Amino acid sequence: MAWNEPGGGKQRDPWSGGGGNNGNNNSGGGPDFERWLKSMNERFGRIFGGGRSGRGDGGSSGAGAGGIVLLVLAALVLWLAYDSVVVVEERERGVVLRFGKFERNMNPGLNFKFPRPIESVLRVDFTTVRSVTEQARMLTRDENLVVVKFNVQYRVADPHLFLFGTRDPDDGLRQATEAAVRQVIGANTLDEILIGQRALLVAEVRDVLQTTLTDYQTGLEISDVNFQEVEPPQEVKAAFDDAIAAREDKERLIREAEAYASRVVPEARGEAARITLESEGFKEVTIARATGESARFSLLVEQYRLAPEVTRKRLLLETMQEVLANNPKVMIDVSEGSQSMLYLPLDRILQDRDRQPTAPSTAASRNTSPGPTNVEPARAAVEPRRDTRTTGRESRR
Amino acid sequence: MKSGFLIILALIVLLLINSMYVVNEREFAAKFRLGAITSSDIQPGLHFKWPFIETVRRFDKRLLTLDAMPERYLTSEKKDVSVDFFVRWRISDVSRFYQATAGSEENALARLNPIVKEAVRNEFNQRTLAQVVADIRTNLTDVLTSKSDEAASTLGIKIVDLRIKRIELPEDSEVIDSVFRRMREERRRVANELRAEGQEAAEEVRADADRQRNVALANAERDAQRLRGEGEGQAAQIYASAYGADAEFYGFYRSLQAYREAFSSGDDIMVLDPKSEFFRYFGEGAIAR
């Protein structure tokens, strides 16, 4: 039962006819306060001035005293008027107590009430979002320490409860929040807190807090809970960072090994393929060569069969010619009679051979060169550079 | 005459003022007559009483807080912890409250403090630190609340809630340092384990890769030898079948080739006997054979 609707109407104020005149208007809507005031006024008048009629003219003493009364009354009335108008701001709500007892709520805008001591209004900041932030180091379930920074945002939901439920609701909420966070941190292990979902923690805190606040009759409601920081304490941060680095190291080692594998295995396969292909090539080359050579031989055999003696001789002579043409030669006649020592300066011959790329032939007739040593009697080749007897002269033509 | 009226008027006003009282929404009031409570359940609003004979005292109806300073308590493992808790309480029985505390909140807190601390101390003594910290699971706060509520009812006080804001290890002992050491050790162990696992896995991968490579190469080698063998075998067969047609001629032919190749360097010195077959037609007179 508000005296006026929100949006401010001056239609029905307690004095029915404009704010705060003196008690001259007296329609039925006004309370008996009016009459009380008037009776007091009359009484005062009777005491100090002897009746209303006596006020206008009169004894000097009466007039002076009456003037003071008038002044006091005017001030009183002004003050009452001032105290009857209440402007509630948009973000506030008002609570009106009549003689201390809850009478009604006041909405934003222009409102009227009885002046004090009859009615008083308490204002509550209703829409502003309040916030509590705290940082603390707390124990976890496995007796580890973690540093937590959290923040709660809340609003007044019920102004009546906010004013009359708890003596210090904001403080109460702060304490309840701390207790709730500690409970949630204490119920989880360090790993669960650091690595697990932060949203789960927030939800747990929110639940605990909601329940607590309902019991506390604070008239507040939570709008947001969040953890701004959840970290191991500074003193052990290095070790924790190292554990994270170790995880990355592990990944890196495995990746490096995989890179090695992806290089080595295809390389090996390539190598294997090369080996196989090489040997296939070898096989084919060998067979082809064999085929070629044996074909050549077979064709030759055909011809040989037709004239064996002649072919043999021809082949032999051709071979001998080629062989002897390309190499230095020494002819030595070793007949039964002569026992002459022949001297063959093979080393000089070899040296000359090295100097001249063409192949001159050296022939020594019998008995012409004195003292060549007898080297070998038969038709044979001498290994170059092996002869050691080197004294004497060379003979060459 | 006028001053007499004034005095009488003042007295009347005084009387009037003293016979009314207002009880606020946030208060209880109790009416006293000559020091004894006559009624204690007075609702908010405007009330009247006998002036001077009856007096009124007001008590806060709202939920109040007792927030003590943090103190040390021992757990069952003789661990020393610093506990910061708060108590939410209200006056439930005004007359008993007044009798116990003479209506002074200070007195009330002074009496409440040891009651609550006693309850906390007892409960902590029976629990390990782990149990205390995880009190969601052990209902520590519920037990504390109900126990201290029982004890506080003699004061006309109802304890609505008792909650722990902080449980801290004492700052001035080595306990915190040892906790840090333990945390560091544990992390170090985890780090080492991770790195070792990484090594192990990497070694496996590398070894497997090497194994695959060796197998591939060995297989290739094996096939290569087989192919070469096949080639050489087939070649030998071809040679044999061709040369076998005339083995003697092959010996002759192949020897000639050998001679040709052996002496191809041009550095070989040949010492020849002119009586050999090659020189049959050479020299001063062909030897008639």
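This is a predicted model: local features need pLDDT of at least 70, side-chain atom pairs count only at pLDDT 80 or more; totals for chains, interfaces and linings use all residues.

Me: How many helices and strands does chain A have?

Reply: Chain A has 10 helices and 10 strands. Helices are DSSP runs of H or I with at least four residues, strands are runs of E with at least two, and both are numbered from the N terminus.

Me: And chain B?

Reply: Chain B has 8 helices and 10 strands.

Me: Now salt bridges. How many over all chains?

Reply: The search finds 56. The criterion is a side-chain nitrogen of Lys or Arg within 4 Å of a carboxyl oxygen of Asp or Glu.

Me: Which residue of chain A does Lys79(B) pair with?

Reply: Glu143(A), at 2.9 Å from N to O. Lys79(B) sits in the loop between strand 7 (71–74) and strand 8 (80–91) of chain B, and Glu143(A) in the loop between strand 6 (130–139) and strand 7 (145–156) of chain A, so the pair joins two chains.

Me: Is Glu143(A) buried or exposed?

Reply: Glu143(A) is buried, at 18% relative accessible area. Lys79(B) is partly exposed, at 29%.

Me: What does Asp249(A) bridge to?

Reply: Arg195(B), with the closest N and O atoms 2.8 Å apart. Asp249(A) is in helix 8 (residues 237–306) of chain A and Arg195(B) in helix 7 (residues 175–243) of chain B, so this pair joins two chains. Asp249(A) is partly exposed at 21%. Arg195(B) is partly exposed at 24%.

Me: Which residues are linked in a network of salt bridges?

Reply: Glu134(A), Arg174(A), Glu178(A), Arg166(B) and Glu168(B).

Me: Back to chain B. What does Lys165(B) meet?

Reply: The side chain of Asp67(B), in a salt bridge of 3.2 Å, N to O. Lys165(B) is in strand 9 (residues 157–168) and Asp67(B) in strand 6 (residues 64–67), 98 residues apart. Lys165(B) is buried at 8%, while Asp67(B) is partly exposed at 38%.

Me: Switching to Glu54(B). Where is it?

Reply: Glu54(B) is in strand 5 (residues 54–60) of chain B. At 4% relative accessibility, Glu54(B) is buried.

Me: Which side chain joins Glu54(B) in a polar contact?

Reply: Arg33(B), at 3.0 Å. A polar contact is a pair of N or O atoms within 3.5 Å; within protein, one must be able to donate a hydrogen and the other to accept it, and residues adjacent in sequence count only if both atoms are side-chain atoms.

Me: Last one, helix 3 of chain B. What is its reach?

Reply: Helix 3 (residues 105–125) has 21 residues and spans 30 Å from first C-alpha to last, close to the 30 Å expected. The expected span is 1.5 Å times one less than the number of residues.

Me: What happens at the start of helix 3?

Reply: A side-chain oxygen of Ser104(B) comes within 3.2 Å of the backbone nitrogen of Glu106(B).

Conventions
Residues are numbered from 1 along each chain as its sequence is written. Chains are lettered from A and ligands numbered from 1 in the order in which they are written. Side-chain values use heavy atoms; hydrogens and water are left out. Buried means under 20% relative accessible area, exposed over 50%, partly exposed in between (1.4 Å probe, protein chains only).
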